[in-house]
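Subject: Handing over the structure, with notes

Dear colleague,

Here is the structure that I would like to pass on to you. Please open it first, and then read the notes below with it in view.

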Amino acid sequence: MLKDMFEQKRTLSFEVFPPKKDGEFEAAFDVLNALGKLEPDFISVTYGAGGSRRGKTVELASYIQNTLGIDAIAHMTCVGSKREDLLDVAEKLRENNIDYVLALRGDRPQNMTDEQFAGRDFAHANDMMEFLRENTPLHLAGACYPEKHYESFSMESDLNNLVRKQEAGAEFFISQLFFDNDYFYSFLEKADKKGVTIPVCAGIMPIISARQIGTTVKLSGSSVPKALSDLFAVYGDKKVEMRKAGIDYAIRQIRDLQENGVNNIHIYTMNKPKMAGEIVNAIYR
């Protein structure tokens with residue numbers, strides 16, 4: 001069982017995404033083959049907005065599980081899904097020997113009206129978790145937010161939601177990306193005091209281009225510490241140097257986490273196996 005891997009001293013995992021264009025989809029298998037050679041404990045596969053690419057999510061997860069022989073976790077979002085949609089996906093996952101999902105509310109699709117949003121079947125991820133636990137054999141993982149979810153009123157409120165996810169059946173958490181380890185250490189301490197007892201994977205995303213600041217970082221709501229912003233100031237318009245500096249920053253971040261007892265590392269690979277390989281070789285080889 002995948003949850004048993006946390007009994008190991010250290011775990012390493014990756015996130016990948018299905019390409020948006022069908023013409024680029026075949027290249028995703030080359031990405032998976034390259035990542036598989038790095039021997040992660042599991043690979044998670046994201047879900048399109050409102051479940052728009054869920055068929056591709058199942059296909060990639062199946063390849064990871066059944067061809068590469070690596071545990072796969074399929075993301076599943078509920079913001080745009082009906083109960084029957086989730087049951088349909090759950091059945092397809094079962095048919096492909098996939099036991100785990102990362103259960104997320106997901107971002108509201110742009111074409112979703114206020115009426116549709118208000119009348120959705122599942123208001124929160126823990127609501128979907130309870131439904132899946134009662135109606136499917138799936139095992140569940142959940143998301144957590146070291147600097148709180150951007151929609152939460154407070155960290156206290158966000159931690160209460162985390163406990164609800166644990167009570168709804170989450171077996172471990174994967175964190176939102178962060179760049180300041182002090183936020184993560186503080187989060188772990190607060191979660192422990194709240195009664196969170198399941199393992200937490202630290203989500204690390206290397207920033208290898210200035211463009212990511214205006215997209216990924218902004219959307220995540222994660223703080224950018226001075227050490228990282230200084231890299232943008234020096235290397236932002238130098239592609240090769242920025243890539244190297246961003247990878248080096250991620251390596252230092254992971255080393256600091258491990259030195260402080262955080263041994264479950266989840267790398268947001270952005271479908272870049274060479275980048276992931278450089279990090280893994282520096283940390284684990």
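A residue is called buried when its relative accessible area is under 20%, exposed when it is over 50%, and partly exposed in between, with a 1.4 Å probe and only protein chains considered. By that rule Asn 271, at 16% relative accessibility, counts as buried. Asn 271 has a positive phi of about 60° although it is not a glycine, and it sits in the loop between β8 (264–268) and α11 (273–284).

Before going further, please keep in mind that this is a predicted model, in which local features need pLDDT of at least 70 and side-chain atom pairs count only at pLDDT 80 or more, while totals for chains, interfaces and linings use all residues. Residues are numbered from 1 along each chain as its sequence is written, and side-chain values use heavy atoms, with hydrogens and water left out.

Is Asn 97 buried or partly exposed? With a relative accessible area of 47%, Asn 97 is partly exposed.

Now to the chain as a whole. It has 11 helices and 8 strands, where helices (H or I, at least four residues) and strands (E, at least two) are DSSP runs numbered from the N terminus. The radius of gyration, taken over C-alpha atoms, is 18 Å, close to the 19 Å that the globule rule gives for 285 residues, so the chain is as compact as a globular protein of that length; the rule itself is 2.2 Å times the number of residues to the power 0.38. Along the principal axes, the C-alpha atoms fill a box of roughly 50 × 45 × 40 Å. Of the 285 residues, 53% count as buried. Contact means heavy atoms within 4.5 Å, and among contacts between residues at least 6 apart in sequence, 80% join residues at least 24 apart.

Leaving aside neighbours within four places in sequence, Leu 257 is in contact with residues including Phe 178, Phe 184, Tyr 185, Ile 204 and Ile 265. Between Leu 257 and Cys 201 there are 11 Å from C-alpha to C-alpha, and they are 56 residues apart in sequence. Arg 243, also placed in α10, is partly exposed at a relative accessible area of 26%. Not counting residues up to four places away in sequence, Arg 243 touches Ile 208, Lys 274, Met 275 and Glu 278.

Finally, there is a pair of helices to look at. Two packed helices are described by the angle between their axes and the distance between the axes. The axes of α5 (residues 125–135) and α6 (residues 155–168) come within 9 Å and cross at roughly 5°; such axes are lines fitted to C-alpha atoms over the stretch in contact, and angles run from 0 to 180 degrees between N-to-C directions. The two helices are therefore roughly parallel to each other, a description given to angles under 35 degrees. On the α5 side the contact is made by Ala 125, Asn 126, Met 129, Glu 130 and Arg 133, and on the α6 side by Arg 164, Lys 165, Glu 167 and Ala 168.

Technical notes:
Parallel < 35°, antiparallel > 145°, perpendicular 65-115°, else oblique.
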